[in-house]
Each structure stands twice: as structure tokens, then as C-alpha cells.
Amino acid sequence: MTFNPPSIPSARPAVTAALMQETGLDEGILRNLVHRFYDRVRADEVLGPVFAARITDWPTHLERMVAFWSSVALMTGRYHGAPVPAHATLPVTWAHFDRWLDLFRQTATEVCPPAGAAHVIERAERIARSLHMAVEDSACGAGMTPSLR
Ligand code: HEM
């Protein structure tokens with residue numbers, strides 16, 4: 001079988017090439033997804049203020065998020081950050097994550113081919129659940145013995 005390397009840099013070129021083929025995703029689609037999604041987030045009355053309070057340098061945030069989705073969706077290894085501490089102390093509940101996921105699903109469905117949309121939505125749902133757990137843990141004092149009363 002011939003191996004065609006992906007058109008984007010990747011720490012795991014064979015895996016990335018296979019994922020691109022399976023999902024129809026590429027770096028350009030992910031870039032479009034991230035930019036359109038955060039346009040919606042910034043205009044959203046629930047999520048907009050939470051982001052506005054933390055993010056001043058939007059171009060840097062968007063570049064980081066393209067690298068994140070490239071790593072998550074295509075296993076390129078481009079993202080080297082730490083999402084959990086970035087979210088643990090945000091003033092959010094599951095309602096915020098639910099809204100985030102609604103906007104993400106809408107954007108992914110518009111921007112990605114169907115298999116690619118399903119791929120990124122499944123991953124976003126999983127990560128949202130784990131970030132929400134981190135927020136909850138932090139709110140009740142991470143590492144502390146839970147009160148049994
Ligand atoms: C309630 C929903 C969410 C809110 C309000 C939120 C808000 C934020 C904010 C304000 C930052 C910037 C933190 C900083 O630089 O100080 C951030 C970063 C980030 N968010 Fe979210 N987020 C949400 C959900 C998600 C979800 C579901 C994902 C993944 C699927 C995600 C992935 C990331 C990543 C990768 C970063 C960059 C972390 C870093 O490397 O510094 N976020 N988010």
C-alpha cells in the first residue's frame with residue numbers, strides 16, 4: 001500500500017493522513033471552524049462576557065485553538081497547552097458548557113463534511129464533560145476530603 005504523507009506537519013504523519021482521509025478534515029477546515037465558532041461565542045450573550053473577561057489577545061487565542069483542534073482531530077501533536085487549569089476557576093456551570101456545545105455543533109455541521117463534523121463533535125462533548133468535572137472539583141476544593149454530612 002502506498003503512503004501519502006499529509007499536507008500538514010504532524011508528529012504522526014501516517015495517523016494524520018488516515019484521519020484526514022476518514023474524516024475529510026484538514027487544517028483549512030479546522031481553521032474555519034475555530035474562527036466561525038469563536039465569532040459566535042463572542043456574540044453570545046451567555047458566553048461572550050466570560051471570554052471577554054479573560055481574553056484580550058484574540059489572534060493568539062485563535063491560533064492556539066487551531067493548534068488544539070489540529071491535535072485533537074488529526075493527532076498532529078501541534079498543541080502543547082494545559083486546558084484544565086485554564087478552565088478550572090472560570091465562573092461557569094454545565095449550562096455554559098451546554099451552550100458552548102450547541103454553538104460548536106451548529107458551526108461544525110456548517111463547516112465540516114458530515115464525518116468530520118461527527119468526529120469533532122464527539123471529541124468536544126467528551127472534553128466538555130471532563131472540563132466541567134474540573135470546574136466542579138475546583139469549586140468544592142480540589143484535593144480536599146469531601147464533607148460526608
Ligand atoms: C463553558 C464553556 C467554556 C468556556 C467559558 C471557556 C473559556 C475559555 C477561556 C476564557 C479560555 C482562555 C483562558 C486563559 O487564557 O486564561 C479558554 C481556553 C481554552 N479552552 Fe475553553 N472554554 C469553554 C469550553 C471549552 C471546551 C469544551 C474546550 C475543548 C473542547 C475548550 C478548550 C480550550 C483550550 C484548548 C484553551 C486553551 C488553553 C491553554 O492552552 O491556555 N474550552 N477557554
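Angles between helix axes run from 0 to 180 degrees between N-to-C directions. The exercises below use a predicted model.

**Exercise 1.** At what angle do H6 and H7 pack, and how are the two helices oriented to each other?

Solution.
Step 1. The angle between H6 and H7 is about 170°, and their axes lie 10 Å apart.
Step 2. Angles over 145 degrees count as roughly antiparallel.
Step 3. H6 and H7 are therefore roughly antiparallel to each other.
Step 4. On the H6 side, the residues in contact include Trp94, Phe97 and Trp100; on the H7 side, they include Ala117, Val120 and Ile121.
Step 5. By class, this contact has 11 nonpolar, 2 polar and 2 charged residues.

**Exercise 2.** Describe how H2 packs with H6.

Solution.
Step 1. H2 covers residues 27-43, and its angle to H6 is about 140°, with the axes 9 Å apart.
Step 2. This angle makes H2 oblique to H6.
Step 3. The crossing of the two helices is right-handed.
Step 4. Among the residues that meet are Ile29, Asn32 and Leu33 in H2 and Leu103, Phe104 and Thr107 in H6.
Step 5. The contact of H2 with H6 divides into 8 nonpolar, 2 polar and 2 charged residues.

**Exercise 3.** Which helix gives the most to the shell around the ligand?

Solution.
Step 1. The ligand is surrounded by 21 residues, and the closest are Arg54, Gly81, His96, Ile127 and Ala128.
Step 2. At least two residues of the shell come from each of H3 (48-54), H4 (58-74), H5 (83-88), H6 (94-111) and H7 (114-139).
Step 3. H7 gives the most, with 4 residues.
Step 4. The shell consists of 16 nonpolar, 3 polar and 2 charged residues.

Methods
Residues are numbered from 1 along each chain as its sequence is written. This is a predicted model: local features need pLDDT of at least 70, side-chain atom pairs count only at pLDDT 80 or more; totals for chains, interfaces and linings use all residues. A residue is near a molecule or strand if its C-beta atom, placed from the backbone, lies within 6 Å of it. Ala, Val, Leu, Ile, Met, Phe, Trp, Tyr, Cys and Pro count as nonpolar, Asp, Glu, Lys and Arg as charged, and the others, Gly among them, as polar. Angles under 35 degrees count as roughly parallel, over 145 as roughly antiparallel, 65 to 115 as roughly perpendicular and the rest as oblique. Two residues are in contact if their C-beta atoms, placed from the backbone, lie within 7 Å. A crossing is left-handed if the near helix is turned anticlockwise from the far one by less than a right angle, and right-handed if clockwise.
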